[in-house]
Amino acid sequence: MIYILLNAVLAAYIIWTSMNVNTKNLNTENSMINVMLLDAAATIVMFLTVISVLHGPERLSVVFEHFVLFLVAAIFTEIFTMFINVARKKRSALGMFFKVVFLLLAAFIVCFKLKITDYTLFEFGGEKVFSGQLEKIIPVTWTMIFIGLYIFVLPLFGLMIMLLNAENNNSRILAQKAAMSFGSLLFGWIGLIMIYYIAEMLPMMRSLFMYIISVMAIMILNSVSQEKVYDGGMLFSAVVSLFMKYLLPAAIGAIAYVTLRPLYSENSVAYTTIIFVIVFVLMIVCRVLTSALSKIINYRSSQYEAEFEKALASIDYESEQSNISQEFLKAFQDNIQTTTMTVLVDNGAGEYSTAYNSEGANYTLPKASKAREILLNNGIFILFRDEVENNYIIRDVRDEIFKIFDETESEVLILLHEGHQVLGLLLLGEKRTGSSYDEYDKSVFDKFYSYFFVFGYYMKNIANASVVGTVNREIRMSSQIITSIQENMDYIHNPKVDVGYLMVPAHNIGGEFVDLIRLNESRHIIVIGSMSGKGISASMSMVILKSIIRTFLADTHDFKKLIQKVNAFIRFNLPKGTFFSGLFCLVDFATDTMYYVNCGIPAMLMYSKTYNNVIEIQGKGYILGFVKDIYPLVKVKQVKLVSGDMLAISTNGLINSHSLRGETFGKERVKQAIMDNYTYPASRIARFTYDNLQRFMSKELEDDITMLVIRYLGKEGALVYDSEDSAQERIADHADSFDADSLIDNAIDDNADSAVDNVSASDNTSDSSLNVESDEVIEQEAMINEQTAKNEESNPSQDLKAGEFTSVIEGSEEDFSMPDNFGDDDMFSGDFSNPNADLTNVAGISVDDIVDPDVFEEKIDIE
């Protein structure tokens with residue numbers, strides 16, 4: 001009874017396993033399935049055989065036993081075929097031929113040359129192959145040929161083919177598969193030999209030989225399915241796991257079976273029940289222990305993630321290029337054991353050339369590549385060498401990808417892309433431990449992809465000196481130099497106005513800025529806004545934009561055309577995906593008038609002393625850098641300034657910041673800060689608003705904070721403030737004590753002087769003949785009435801939700817409609833901040849649609 005039960009359990013388990021076999025390897029898919037199906041069939045027939053031996057006719061038992069022998073031969077033949085397919089990396093016609101031949105030979109031997117000598121003991125034998133004198137020289141029986149050929153020779157021959165191919169192709173993964181498969185076969189051979197000797201004492205033990213063959217088959221399938229190379233520690237863990245999962249239960253079960261055997265003659269039911277309970281408990285306990293071991297192994301392997309992120313985040317991109325490259329490489333070497341690293345960037349000549357190689361080697365790859373297109377189209381941005389063979393999607397470019405890995409001597413390929421544009425490639429060499437990159441490594445790489453992109457972007461701009469052409473070396477400046485450039489402007493020394501501002505980057509440096517440009521004694525241009533991106537890349541774009549605005553003012557005499565030129569420059573000259581969200585103002589002190597163009601500023605608030613109220617006057621606007629020609633969309637607004645009026649302009653970081661409870665700071669709190677502090681100097685109002693934000697958030701900044709406050713004093717003249725109260729005086733004094741030009745000259749060579757000169761306000765007094773015509777005049781009384789009416793219709797105490805934008809002043813439909821000749825081809829298409837996004841056919845985007853330019857892709861409805 002116990003043998004029937006044990007064979008039934010095995011049959012059920014093998015059937016279940018056959019339905020869950022891993023068939024990711026296309027070259028061995030059919031063979032793997034066939035092995036499991038044959039194994040399942042053999043266990044079922046063996047189960048029926050045991051029943052027939054104990055309770056059925058002899059003839060039926062003999063037929064079943066012959067069938068089991070044939071199925072065993074078929075299993076080993078299929079394993080041999082699978083080894084050949086793995087070695088040749090494709091389904092082999094020669095392998096199929098041998099498979100058919102050996103199956104026919106097995107059928108011939110089993111049916112005509114082997115005889116069941118004792119069906120109750122599962123014994124079989126065969127006559128000698130040769131007769132006469134040759135029989136004495138070669139005393140070989142058909143039983144020996146059957147066992148030797150199918151159990152030993154065929155699988156060993158397949159393993160030899162695998163090892164030869166591994167040596168010829170220098171494939172560590174193939175060699176490991178062969179080694180693990182040999183270990184699995186060795187386990188099977190030892191197990192069958194043990195069954196043979198135990199059967200001398202317990203003949204019915206022969207009915208359990210399918211346990212050994214089934215476990216061996218599962219181990220072989222797992223071996224050929226491995227797609228990563230294990231180091232010594234991982235291999236030891238795998239062996240321990242194998243021992244606990246299979247060998248330990250088998251050993252304990254065998255000991256219990258032999259020890260409790262005398263109980264069978266006294267009470268067979270009790271004996272069977274005890275053995276069943278022991279086997280069941282062993283399976284549960286070993287599974288739990290194996291699972292716990294796996295968690296420990298995974299826990300240990302995952303420890304480098306936090307340290308890796310810390311190393312990447314600590315890279316100082318304002319230091320020397322060589323230091324940055326070494327720090328980036330060291331992060332990989334210390335945490336992932338990477339031996340070499342190569343960075344290839346687009347050189348503008350249709351090639352990816354070496355920007356950095358840890359060994360000093362130089363590589364060049366063509367930019368036009370079918371492999372590149374397939375990887376991009378299928379969202380494969382991180383690819384390991386060991387994955388190439390079994391990835392069905394890239395089968396057509398498999399040879400091309402292997403060629404890249406071979407030429408660059410690398411194991412990992414990472415595409416650094418912006419939308420559908422690949423700016424560079426990051427290639428990693430093998431690990432020092434000899435192990436392969438695994439799924440955990442891929443998950444870490446995917447998580448920290450943004451760090452890789454920033455490094456590649458940095459290397460591209462350093463390697464390609466023609467990018468934008470003005471400040472390719474500003475990236476080497478310290479944060480102190482970048483800050484000095486941000487604050488290097490024409491401060492307004494006019495008794496009619498008090499100007500104060502505040503710029504607080506969330507992460508050392510950023511892309512937000514305020515610029516004051518003097519046209520003449522009575523006219524000033526004010527620019528405030530944010531460049532897309534974060535950190536060093538955004539600050540680079542900021543410095544470039546400040547420089548180019550002053551350059552354009554030298555020969556541009558129309559306010560609208562200035563905006564048009566700046567938009568075109570961002571669209572066609574800055575890295576694809578860059579955009580500007582901000583405001584351009586022209587203040588005419590002679591006429592007490594301000595002209596402005598909203599280019600995506602989320603908040604422009606005006607305090608009217610006459611009506612003692614704060615209103616929003618930004619209206620609609622369009623972010624620069626999306627469309628090819630912004631001119632038809634530019635609307636210049638005009639507002640009359642009277643004594644006591646005040647303007648507060650801020651970027652999205654202020655109004656979109658969140659508290660610990662998830663509340664948004666919002667515009668209402670900014671308005672309240674203005675109302676509470678309007679009697680203070682402009683710089684104090686900006687500071688008080690920022691202090692309110694810090695108390696509101698009670699945590700680190702989420703985004704850069706920039707705020708500009710303009711108090712219009714009019715004909716009453718300027719108030720006299722202490723130097724601590726005047727932002728302009730304080731900054732001017734700071735600029736006098738800190739000579740930015742001298743510091744830059746000491747930091748970089750003479751070729752950078754022209755870039756700094758463009759930024760230096762003292763050497764660039766712009767032409768005063770800048771014409772401006774307003775498209776809309778803002779009347780304070782009308783706007784206040786309109787806002788009051790809207791507030792009565794809605795809940796005035798309800799604050800804005802995160803990411804929401806409500807414009808108080810709306811233009812007419814004609815003002816903001818697209819021109820007839822403005823089509824989809826004029827719109828910018830591409831990815832802007834998320835390296836895994838691909839935004840195409842972007843519809844017209846205004847500040848009503850976007851508040852936070854750094855995460856605007858979440859607001860876009862992709863059609």
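Reader: What is the strand order in the open sheet of six strands, and how are the strands paired?

Author: Happy to walk you through it. In general, the strands of a sheet pair through backbone hydrogen bonds, in either a parallel or an antiparallel way. In this predicted model, the order is S5-S4-S3-S8-S7-S6, and the pairing is antiparallel.

Reader: Which strands stand at the edges?

Author: Those are strand S5 (364–366) and strand S6 (382–384); each has a single partner strand, so one side of each is left without a neighbour in the sheet. From one strand to the next, the twist averages 25°.

Reader: How many bridges join strand S3 to strand S4?

Author: Five bridges link S3 (residues 341–346) with S4 (residues 351–357), and the two run antiparallel.

Reader: Which strands does helix H14 lie across?

Author: Helix H14 (residues 370–377) lies across S4, S6, S7 and strand S8 (421–428), and runs at about 70° to S7.

Reader: Now the loops. Where is Phe-122, and is Phe-122 buried or exposed?

Author: Look in the loop between strand S1 (114–118) and strand S2 (123–126). Buried means under 20% relative accessible area, and Phe-122 has 10%, so Phe-122 is buried. Its phi is near 60°, a positive value in a residue other than glycine.

Reader: And what is the phi of Glu-409?

Author: The phi of Glu-409 is near 55°, again positive in a residue other than glycine. Glu-409 sits in the loop between helix H16 (398–408) and strand S7 (412–418). With 62% relative accessibility, Glu-409 counts as exposed.

Definitions and conventions:
Residues are numbered from 1 along each chain as its sequence is written. This is a predicted model: local features need pLDDT of at least 70, side-chain atom pairs count only at pLDDT 80 or more; totals for chains, interfaces and linings use all residues. Side-chain values use heavy atoms; hydrogens and water are left out. Helices (H or I, at least four residues) and strands (E, at least two) are DSSP runs, numbered from the N terminus. Buried means under 20% relative accessible area, exposed over 50%, partly exposed in between (1.4 Å probe, protein chains only). Two strands pair if DSSP finds at least two bridges between them. Axes are lines fitted to C-alpha atoms, for helices over the stretch in contact, and angles run from 0 to 180 degrees between N-to-C directions. Contact means heavy atoms within 4.5 Å.
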